[in-house]
Amino acid sequence: MNTSTTVIDPQPEHAISARGLHKVYRADGGDQVHALRAVDLDVPRGGIFGLLGPNGAGKSTFINILAGLVVKTGGSASVWGLDIDRDPRHARAAIGVVPQELNLDAFFTPYEMLEVQAGFYGVPPKERRTMEILERVGLEDKAKAYSRSLSGGMRRRLLVAKALVHNPPVLVLDEPTAGVDIELRRSLWDFVKELNNNGTTIVLTTHYLEEAEELCDHIAIINRGSVIAYDDTRSLVQRLDNKELRVTVAQPLDALPGALSRFTVDLPDDCTLVFRYRTSETEVREILAAVADAGLVIADLATEEPDLEDIFLELTREATDHA
Ligand code: ADP
């Protein structure tokens with residue numbers, strides 16, 4: 001395809017599409033690291049998409065390939081319908097990436113920083129919308145302030161502004177609320193929703209299941225370079241309805257009573273039974289009734305919601321079982 005005649009579809013079906021995307025890094029000792037293994041993934045246009053996964057799962061590699069910062073080993077990918085091999089320039093222009101770190105050049109003002117970024121992307125001075133973007137992220141008052149005087153929340157918003165200078169239809173936020181307090185997290189969530197309402201497709205990586213549930217309409221979970229779950233958020237959360245019930249019994253046990261063997265249960269110490277169950281399949285009272293039927297006296301009870309870590313463990317186990 002000749003890039004000079006590229007026609008950009010204003011409404012492609014997918015904001016991002018990957019097929020068989022593969023990345024092998026060569027580590028220092030010469031070992032191969034398979035960071036992505038044949039990833040097929042479609043990010044629908046217009047929504048907020050969550051890319052979840054533990055550290056080292058391959059999230060940054062995926063994003064950096066799309067943004068033209070890492071060269072893939074195999075497979076294909078497109079951003080806004082633009083193939084990253086055939087049309088790298090347009091594909092790169094269709095995506096803005098907001099990095100995780102808050103490093104800003106302390107001696108530039110926000111205004112200057114956006115102008116430099118626009119120059120970097122080749123946006124001609126006449127087409128720059130520097131003040132408009134600063135207004136959009138609520139930093140118009142700080143246009144001429146030193147960046148080092150900005151608060152953490154303002155810095156994050158300035159980084160978003162930087163990623164918006166070339167007006168990309170897809171914005172990727174890497175762990176947008178890592179290490180921020182609850183109040184700021186909520187205000188950043190509102191901000192992300194607002195950007196999305198204004199028409200930008202958002203992709204965010206996060207460790208926080210709560211954040212993904214609050215913001216994302218679709219979620220992919222990636223682990224060891226493979227997509228192990230992909231669904232709309234509601235279905236995924238329902239699927240991950242596992243809970244833990246910790247029962248402390250009054251008398252020490254030698255072994256698990258046989259009557260409880262129909263449950264998934266562990267005996268981490270002789271007075272504690274840990275039941276893992278799905279709320280869609282088992283009710284707490286069934287477990288409690290079985291404990292009472294086994295002649296045990298309950299001294300204490302606690303339930304625990306699964307966190308992302310449990311979910312990864314469970315999904316990874318499922319993926320292995322089905323392999
Ligand atoms: P995530 O963003 O989910 O934490 P990454 O994409 O950063 O995951 O990393 C995926 C895997 O690739 C990890 O095992 C990581 O150590 C490895 N990796 C990432 N970048 C490099 C690199 N430049 N050289 C060698 N290995 C790398």
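A crossing is left-handed if the near helix is turned anticlockwise from the far one by less than a right angle, and right-handed if clockwise. The legends below describe a predicted model, in which local features need pLDDT of at least 70, side-chain atom pairs count only at pLDDT 80 or more, and totals for chains, interfaces and linings use all residues. Residues are numbered from 1 along each chain as its sequence is written, and side-chain values use heavy atoms, with hydrogens and water left out.

**View 1. Helix α3 against helix α5.** Helix α3 (residues 110-120) passes α5 in a right-handed crossing; helices (H or I, at least four residues) and strands (E, at least two) are DSSP runs, numbered from the N terminus. The two axes come within 9 Å and cross at roughly 30°; axes are lines fitted to C-alpha atoms, for helices over the stretch in contact, and angles run from 0 to 180 degrees between N-to-C directions. The helices α3 and α5 are therefore roughly parallel to each other (angles under 35 degrees count as roughly parallel, over 145 as roughly antiparallel, 65 to 115 as roughly perpendicular and the rest as oblique). P110, M113, L114 and Q117 of α3 make the contact with L158, A161 and K162 of α5, contact meaning heavy atoms within 4.5 Å. These residues divide into 5 nonpolar, 1 polar and 1 charged (Ala, Val, Leu, Ile, Met, Phe, Trp, Tyr, Cys and Pro count as nonpolar, Asp, Glu, Lys and Arg as charged, and the others, Gly among them, as polar).

**View 2. Helix α5 against helix α6.** The axes of α5 (residues 152-164) and α6 (residues 182-197) come within 10 Å and cross at roughly 20°. That makes α5 roughly parallel to α6, and their crossing is right-handed. On the α5 side, G152, G153, R156, R157, V160 and L164 meet L184, L188, F191 and L195 of α6. By class, this contact has 6 nonpolar, 2 polar and 2 charged residues.

**View 3. The open sheet of 6 strands.** The strand order is β6-β7-β8-β3-β9-β10, with mixed pairing; two strands pair if DSSP finds at least two bridges between them. β6 (95-98) and β10 stand at the edges with a single partner strand each, so one side of each is left without a neighbour in the sheet. The twist averages 15° from one strand to the next. Strands β3 (residues 48-52) and β8 (residues 201-206) pair in the parallel sense over 5 bridges, with L51 opposite T205 in β8. Helix α5 packs on the sheet, touching β6 and β7 (170-174), and its direction makes about 160° with that of β6. Helix α6 lies across β3, β7 and β8, running at about 150° to β8.

**View 4. The hairpin of β9 and β10.** Strand β9 (residues 218-223) pairs with β10 (residues 226-232) in the antiparallel sense over 6 bridges. The bridge partner of A220 is Y230 in β10. With 2 residues between the strands, the hairpin has R224 at a positive phi near 45°.

**View 5. The open sheet of 4 strands.** Antiparallel pairing joins the strands in the order β12-β13-β11-β14. The edges are held by β12 (264-269) and β14 (298-304), each with a single partner strand, so one side of each is left without a neighbour in the sheet. From one strand to the next, the twist averages 20°. β11 (residues 242-249) and β14 pair over 6 bridges, and V249 stands opposite I298 in β14.
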